[in-house]
Amino acid sequence: MEYPTPSHGIRVVVSPSKVVLGTGAVEELGEYVDQYGDKPLILASKEIYDIQGDKVEKALEEDDIESVLYTGVRPDPTVENIEEAYDLWKTEGCDVIVTLGGGSSIDTGKGVGILANNEGDIRDFGTDKAGEESVPNPIPPLIAVNTTAGTGSEATRSVVITDESTSTKFLILSQNVVPEVAIEDPELTVSLPRNHTSFTGIDALTHAIEAFVSIKSYSVPDDFARNAIRRISNSFTKAWANGENIDARTEMMIGQLQAGQAFTNSSVALVHGMARPLGAQLHIPHGLANALLLPYVMEFSVIGAPEKYAEISRMMGNADEDTPDREAAERASDAVLALCEDADLTGYLDDHGDVPARDEYVEIVDEMAEDAINSGSPANNPRKPTEEEIRELYIELYDDALAPDSPRRS
């Protein structure tokens with residue numbers, strides 16, 4: 001089924017200027033750094049750099065490029081994280097940003113770039129409305145060397161930053177933060193452990209599905225989303241079950257890139273609006289928070305766009321063309337839930353989250369629901385939720401998936 005491009009308004013299709021894709025793509029890094037500047041700042045976590053840093057060093061040495069290294073990137077980067085990296089950028093006189101890792105390193109790089117070419121504190125660039133441009137000047141050239149297959153951050157105009165002073169996450173949106181170059185080398189994802197393969201894989205699927213059903217969707221991102229949903233559905237469990245399956249890793253890398261292209265040109269919706277406060281309050285990684293919420297939000301939202309959820313169900317193999325649209329649509333969340341169960345999503349909560357007792361959780365539900373609404377993302381959902389409905393979804397999520405004795409964790 002084709003959905004038309006709206007006849008009103010002008011659309012700007014956002015994407016990296018260049019995508020370098022294939023096994024061995026990281027070896028081209030020096031060539032692209034040389035095109036944009038002389039002194040790159042490399043941003044990575046210590047863990048990622050210990051595993052993949054030698055490949056980056058070798059690629060730069062072959063082109064006689066000296067670099068500055070920052071290995072303080074942490075999951076869900078903080079305001080202080082970005083300020084620290086920016087201080088190094090400024091002190092060392094760097095002119096190109098190279099990120100090694102997934103969404104956290106890319107968001108850190110985008111944050112450094114914002115501070116480099118714009119006046120103000122990084123908090124000043126947060127937006128209180130999904131879709132609103134909030135960075136006036138383009139960042140310096142950013143080359144994203146991707147080591148995960150999920151966030152799609154190398155293709156997006158979004159930055160998610162944690163403000164530990166308020167226990168919240170804030171969003172920055174701008175075409176001016178999209179990387180110049182995305183280097184997509186599937187060999188760099190082979191070492192990704194199962195838990196992160198799980199988090200990032202379902203995160204990518206969330207991006208594709210939300211972009212596809214968003215009220216801001218149109219033909220161009222819809223096609224990105226379709227391709228992403230098909231690729232991820234077919235390759236996710238293969239990559240999770242056998243990390244050395246390079247074909248599955250390649251398909252996941254392409255799928256997550258297309259998912260990023262889909263949602264940055266359409267929008268995210270209710271899942272992301274709810275995931276940010278959930279992750280901030282319970283210290284759950286962004287991808288895992290998205291994955292936990294996705295089936296429940298799909299079930300809630302299906303009446304708002306049954307034809308699109310029916311198509312999702314068919315693309316994921318949970319319905320066929322003979323299945324009536326409404327029945328097919330209602331099966332879409334089941335298809336996602338099955339993928340989550342295959343990859344043991346809830347099994348990772350013991351090590352990746354601080355789930356409180358139910359009464360303590362209930363006490364923060366009102367705050368999370370308010371933060372979700374204020375993010376603006378729920379307004380893009382095909383079924384626009386009330387704050388009370390968001391509270392109910394948070395409670396359902398706890399009782400069904402977060403609590404230690406819940407059905408999905410038992």
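A salt bridge is counted here where a side-chain nitrogen of Lys or Arg lies within 4 Å of a carboxyl oxygen of Asp or Glu. The structure is a predicted model, in which local features need a pLDDT of at least 70 and side-chain atom pairs count only at pLDDT 80 or more, whereas totals for chains, interfaces and linings use all residues. Residues are numbered from 1 along each chain as its sequence is written, and side-chain values use heavy atoms, with hydrogens and water left out.

**Salt bridges**

| Pair | N to O distance |
|---|---|
| Glu251 and Arg231 | 2.8 Å |
| Asp121 and Arg123 | 3.4 Å |
| Arg331 and Glu327 | 2.4 Å |

The salt bridge between Glu251 and Arg231 links distant parts of the chain, with Glu251 in helix H7 (residues 246-265) and Arg231 in helix H6, 20 residues apart. Helices are DSSP runs of H or I with at least four residues, strands are runs of E with at least two, and both are numbered from the N terminus. Relative accessible area, computed with a 1.4 Å probe on protein chains only, sorts residues into buried (under 20%), exposed (over 50%) and partly exposed (in between). Glu251 counts as partly exposed because its relative accessibility is 29%, and Arg231 counts as partly exposed at 25%. In the pair of Asp121 and Arg123, Asp121 is partly exposed at 28% relative accessibility, and Arg123 is likewise partly exposed at 33%. Elsewhere, Asp366, Glu387, Glu388 and Arg391 are linked in a network of salt bridges.

**Helix H11**

Arg331 and Glu327 are four residues apart in helix H11, so about one helical turn separates them. Arg331 is partly exposed, with a relative accessible area of 29%, and Glu327 is partly exposed at 36%. Helix H11 spans residues 325-342, and its 18 residues reach 26 Å from the first C-alpha to the last, close to the expected 26 Å, a value found as 1.5 Å times one less than the number of residues. A kink of about 25° is centred on Ala332, the bend at a residue being the angle between axes fitted to the seven residues ending there and the seven starting there. Ala332 is also among the buried residues of H11, which include Ala328, Ala329, Val336 and Leu339. The cover over these buried residues includes helix H5 (194-213), helix H6 (219-241), helix H9 (286-301) and helix H10 (306-315). Just after H11, Asp344 takes a positive phi of about 55°.

**The sheet and its helices**

Six strands form an open, parallel sheet in the order E1-E8-E5-E4-E2-E3, where two strands pair if DSSP finds at least two bridges between them. Strand E1 (18-21) and strand E3 (68-70) are the edge strands, each pairing on one side only. From one strand to the next the twist averages 15°. Strand E4 (residues 96-101) and strand E5 (residues 142-146) run parallel and are joined by five bridges, with Gly101 standing opposite Asn146 in E5.

Helix H2 (residues 46-61) lies across strand E2 (40-43), E3 and E4, and runs at about 140° to E4. Helix H3 (residues 79-92) packs on the sheet, touching E2, E3 and E4, and its direction makes about 170° with that of E3. Contact here means heavy atoms within 4.5 Å, and the axes are lines fitted to C-alpha atoms, for helices over the stretch in contact, with angles running from 0 to 180 degrees between N-to-C directions.
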